Structure formats: C-alpha cells, structure tokens
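This report describes the strand arrangement of one protein model and then turns to selected residues. The sequence and structure come first.

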Amino acid sequence: MVQGFITGAFAPLHRGHAYLIEQAAAQCERLSVFVCSRPDDDLPGWLRYHWVKSSFPTLDVRHWIETPGRPDVWAYCREQGYEKVFEGGKNQCAAAESNGIQHITIDPDRRQFPVFSAEIRLEPLKHWDHLLPNVRPHYIRRVALLGPESCGKSFLAEQLAVRFNTVFVEEYGRTYCEKFGMDSTELDFAHVAGGQLYREDEMALQANRVLFCDTELIVTQVWSEVYFNGKCQPWIFWADHLRRYDLFLLLAPDIPWENDGLRRFETQRQWMFERLQQELECRGLPFLIIRGPFATRTQTAVEAVEKLMGSHVATR
C-alpha cells in the first residue's frame, strides 16, 4: 500500500490547497494531511484542522501541534513508513531527501489557482472566490441589528441583505416563542441563545462577504434581565463574548409600536434601548444608532455598511 502525506499550515485553506489534496489522493492508496500549528498561531490550529477535515471527511486528517520536545512531523512520517510527500512547490525537497521520502510537486507554477495564503490573509474579501465555502464564515463581515420590540430590525435586515446581495439571520427567539409560547424559563433562554448561534453559523455558510444578523446574544442577555430581575446565565455572556461582529446597528424606538400577538413590553422600549446602548458602550463595541422613518433608517444603514465593506461591496 502506497502511503503519502501533505504537511502545511493551511492558513487559510483555499482552492489551491484543495487541488493539491485531490491530486495527491489520486496518486496513493492512503493519504494523510497534517495540519501543523503552534499554540500562539494567529489562526488557531483547531480551526484550520476543522476546515481541512470538514472539506475532506474521508481522509486521514491530523492536527499536529508543534511543542518543545516532540519529534517533528517528518520524523513521525519516516518512522511510520510514508513513502511520498506532496506539495505545491519545492520548499520541502531537502527535508524529503534527508528523510528518504519521495518528493512530488503538483502545479508548482500555480496555474490552476494563482493565489498565495499570505495574499488571502491580507485581503480575504478580494480573494473570496479562492476560499472554500467552510472557510468563508471566518472572514465575512458581520453586522448585528439590535433594538427593543417593534423597532424594525427584521425589516431592515431583509432590506440590507437584498441591497448587498447576501443573506440575513432571522431571529430565532420569535420562532421559538411562536412554537412554545411566551412563558419562558431560564432553560428556554438557553435554547433561544443556542438556536440563534446555530442559525447564524448555518447562514454564514451562504453569506456573500457580509452577513446581517437580526439580533444576537447581547439582546438575549438584556431580555433575560427583563424576565429574571437582572440575571442572565453565565454561558450566554461567555458565548457572546466569543462572537465577533464588525458593526452593530442599534435601532431606536422612534417608530410606532405594533402588537403582533407576541409583543408585550411597549412601555419598556426606551429602557431596553438605553440598556443596549449602555452594554455596547461598556464593551467598547463599534455601533451606530439608527433613527427616523424607514427610508431614512435604510439609507443610514446602507451608507454605514458601504463604509465598512470599502471596495468589496457586492450589490444587486
């Protein structure tokens, strides 16, 4: 059985890497892909391992963490009897020769996919088409819409998604309450928070450079404070602080309140708006207050997103 391997950082994984892996897999009976990382890498090793493993689930993909005292991947592959190593250039020729492993170069001139990882890291949106679908969520711009009841978040999120030729994340809390009612417990809030994150992750795979989120966990936190006398479960704080959003649009309650059968906090709209603004300010997060009639709100939001996206705006 012919055994081959590929070793690299895959920072990030792109179509050139995918081509290399596919071509290598066709030339040996068993192919192992070693995703090498160090604890202080800018792009975490677990994330890059996930990119490769989820893209090639049937291959032997390994996360090789380089730590002091551990043999390098070459020594391991030599001991395990690997016969071939594949790469897109010739940087590993000397290492292959010293370890008695055949070196095979695939597309050294990068004619199939003329791009380098360093170029993608510098301008990921410019090289969007070279990124694999499961890598793109790491690089998309995320815009979260916050606000109290009946302030037009859903309408604006949909309008922005159409304007920028992308998708938006619907509010999971509404879906949950429509099914289970409004008499929520703390466990219900855990379900809502988890469902919102899951929905965001799913839509991020479909997003075109920017993703609009109709609410996020800061709103879940403040709603929990409303329901449970100022309390919120610690894991909601933890999960929210791990999320990255490039811009928050905070919608003011200066449009008429509409009762849709689920809303019941008309008198607390101003308090909730101020509480959300306080939380954004306390965390030092980038936000813009959206006021006025619907046309004005949309125009203000569009201009803010255009500024965020720069030259990488994709519109219909």
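Four bridges join strand E6 (residues 141-146) to strand E9 (residues 247-251), and the two strands run parallel. The model is a predicted one. Within this pair, Ala144 has Phe248 of E9 as its bridge partner.

**The sheet around E6 and E9**

E6 and E9 belong to an open sheet of five strands, ordered E7-E8-E6-E9-E10, with parallel pairing. Strand E7 (168-169) and strand E10 (287-290) stand at the edges; each has a single partner strand, so one side of each is left without a neighbour in the sheet. Helix H13 (residues 294-309) packs on this sheet and touches E6, strand E8 (210-214), E9 and E10. The direction of H13 makes about 165° with that of E10.

**The sheet around E1 and E4**

Another open sheet of five strands has the order E3-E2-E1-E4-E5, again with parallel pairing. Its edges are formed by strand E3 (60-65) and E5, and because each has a single partner strand, one side of each is left without a neighbour in the sheet. On average, neighbouring strands of this sheet are turned by 30° against each other, direction ignored.

Helix H1 (residues 15-25) lies across E1, strand E2 (30-37) and E4, and runs at about 150° to E2. H2 packs on the sheet by touching E2 and E3, and its direction makes about 155° with that of E2.

Strand E1 (residues 3-8) and E4 run parallel and are joined by two bridges. Gly4 has Lys84 as its bridge partner in E4, and Phe5 has Val85. On the other pairing, four bridges join E4 to strand E5 (residues 102-105), which also run parallel. There, Phe86 stands opposite Ile104 in E5. Between these two strands the chain passes through helix H4 (residues 93-98), and this β-α-β crossover from E4 to E5 is right-handed.

In a regular strand the side chains alternate between the two faces of the sheet. In strand E4 (residues 84-87) both faces are covered: Lys84 and Phe86 are buried on one side, and Val85 and Glu87 are buried on the other.

**Selected residues**

| Residue | Relative accessibility | Class |
|---|---|---|
| Cys151 | 1% | buried |
| Arg48 | 2% | buried |
| Thr7 | 13% | buried |
| Glu202 | 35% | partly exposed |
| Cys282 | 63% | exposed |

Thr7 lies in strand E1. Its contacts, not counting residues up to four places away in sequence, are Phe34, Cys36, Val73, Trp74 and Gln92. With a relative accessible area of 13%, Thr7 falls under the 20% cut-off and therefore counts as buried.

Arg48 is placed in helix H2 (residues 45-55). At 2% relative accessibility, Arg48 is buried too. What lies 2.9 Å from a polar atom of the Arg48 side chain? The backbone oxygen of Cys36 takes that place. Leaving aside neighbours within four places in sequence, Arg48 is in contact with Ala9, Phe10, Ala11, Val35, Cys36, Ser37, Asp41 and Leu43.

Glu202 is found in helix H9 (residues 186-204). Its 35% relative accessibility makes Glu202 partly exposed, since that class lies between under 20% and over 50%. The C-alpha atoms of Glu202 and Phe10 are separated by 23 Å, and the two residues are 192 apart along the chain.

**Cysteines**

A disulfide is a covalent bond between the sulfur atoms of two cysteines. How many disulfides does a search of the whole structure find? The search returns zero.

The cut-off used for a disulfide is a sulfur pair within 2.5 Å. As to accessibility, Cys151 is buried at 1%, whereas Cys282 is exposed at 63%.

Technical notes. Residues numbered from 1 in each chain as written. Predicted model: local features only at pLDDT ≥ 70, side-chain atom pairs only at ≥ 80, totals over all residues. Heavy atoms only, no water. Pairing = 2+ DSSP bridges. Contact = heavy atoms within 4.5 Å. Axes fitted to C-alpha atoms, helices over the stretch in contact; angles between N-to-C directions. Buried < 20%, exposed > 50% of the residue type's maximum accessible area, 1.4 Å probe, protein only. Polar contact = N/O pair within 3.5 Å; in protein donor to acceptor, adjacent residues only side chain to side chain. Right-handed = clockwise from strand over helix to strand, strands pointing away.
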